[in-house]
Amino acid sequence: DKFLSFSSLSIPHADVFSDNVYGAAADVADQTAEQYLRQLTLPNSTTVNRNTIFSAFCGEFGFTTPESCQKTFWWYNGAVDAGAMAMAPLMPFGSSIASKVNIPFEMVKNLTQYPLDGVPQTVKVGEVAEFPVFFACGSADTCDLCTNKVVQQTAALIKSNFTSAINSCGHKLINPSKCPDASERYKVIDGIIANIVSGTTSKV
């Protein structure tokens, strides 16, 4: 086996994420929240509108130039291009995280390299039965919305042992500066450890 266990922080099962942002079962709230993906996947996205993405996201990770940081965003393009992840139709940003990034709607509309009506997920993951899965998300996350519905949708696709946790933080669930309440962080940390132990002991 390639994996003994799998823990996902903030991101649900890929099929759930994709179905919630594109297609007949899509949820408008999830689609609106995901508009940040349009910004991150723009050509040379870290340099758009006077290096907005570089200034907003890259410095805390030690990157000193937009070019050095750009490669860290390519996986988003790769996931969409490979059909592994859907992209929502372009729509008004509302109060989503995209509205707080200084790349306005019209600029995204003009620069995006993806269809305005969205991109479907064409490569499904399907049910997971090979290893235990732990999924954690934060109720204050404005990037990838964390709801009981999303947890239940993910659980429905896990046929092995599934555990989950929702804490009161945002996207960075175990970052002390973003999630200062240690008890909330440890809901996630303890869940990860328990999932690793579950996967290890099940193979002994």
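The exercises below work through a predicted model, one feature at a time.

In this predicted model, local features need pLDDT of at least 70 and side-chain atom pairs count only at pLDDT 80 or more, while totals for chains, interfaces and linings use all residues. Residues are numbered from 1 along each chain as its sequence is written, and side-chain values use heavy atoms, with hydrogens and water left out.

**Exercise 1. A residue in a helix**

Task: State where T32 is found, decide whether T32 is buried or exposed, and list which residues T32 is in contact with beyond its sequence neighbours.

Solution: Begin with the element: T32 is found in helix α2, residues 28-33, where helices (H or I, at least four residues) and strands (E, at least two) are DSSP runs numbered from the N terminus. Next take the accessibility, for which buried means under 20% relative accessible area, exposed over 50% and partly exposed in between, with a 1.4 Å probe and protein chains only. T32 has a relative accessibility of 18%, and therefore counts as buried. Finally, leaving aside neighbours within four places in sequence, T32 is in contact (heavy atoms within 4.5 Å) with M91, P92, F93, G94 and S96.

**Exercise 2. An aromatic pair**

Task: Find how many aromatic pairs the structure holds, and work out which kind of pair the rings of F93 and F105 make.

Solution: Rings of Phe, Tyr and Trp (its six-membered ring) pair if their centres lie within 6.5 Å; planes under 30 degrees apart count as stacked, over 60 as edge-to-face and the rest as tilted. The structure holds five aromatic pairs. For F93 and F105, the ring centres are 5.8 Å apart and the planes stand at 65°, so this pair is edge-to-face. The pair links distant parts of the chain, since F93 lies in the loop between α6 (74-81) and α7 (105-111) while F105 belongs to helix α7, 12 residues apart. As for accessibility, F93 counts as buried at 8%, whereas F105, with a relative accessible area of 25%, is partly exposed. Elsewhere, ring pairs link F3, F6 and F131 into a cluster.

**Exercise 3. The face of a helix**

Task: Identify which residues of α4 are buried, and explain why they are said to line one face of the helix.

Solution: First list the buried residues of α4 (48-58), which are V48, N49, T52, I53, F54 and C58. Then look down the axis of α4: the buried residues fall within an arc of 165°, the arc being that of the directions from the helix axis to the C-beta atoms, so they line one face of the helix. An α-helix has 3.6 residues a turn, so residues three or four places apart point the same way. On the other side of α4, R50 and S55 are exposed. Lastly, the buried residues of α4 pack against α3, α5 (66-70) and α7.

**Exercise 4. The largest pocket and the largest cavity**

Task: Describe what lines the largest pocket, and then what lines the largest cavity.

Solution: On a 1 Å grid over the protein atoms alone, a cavity is a set of points where a 1.4 Å probe fits but cannot get out, and a pocket is an open set with protein on both sides within 12 Å along at least five of seven lines; lining residues have an atom within 4 Å of a point. Grid points are joined across faces, edges and corners, and a volume is the space filled by probe spheres set on the points.

The largest pocket holds about 860 Å³ of space and is lined by 31 residues, of which F57, I97, C143, H171 and K172 lie nearest its centre. The largest share of this lining, four residues, comes from α3.

The largest cavity has a volume of about 100 Å³, and the residues that line this cavity include P12, F17, D30, C143 and V150. Here α1 gives the most to the lining, with four residues.
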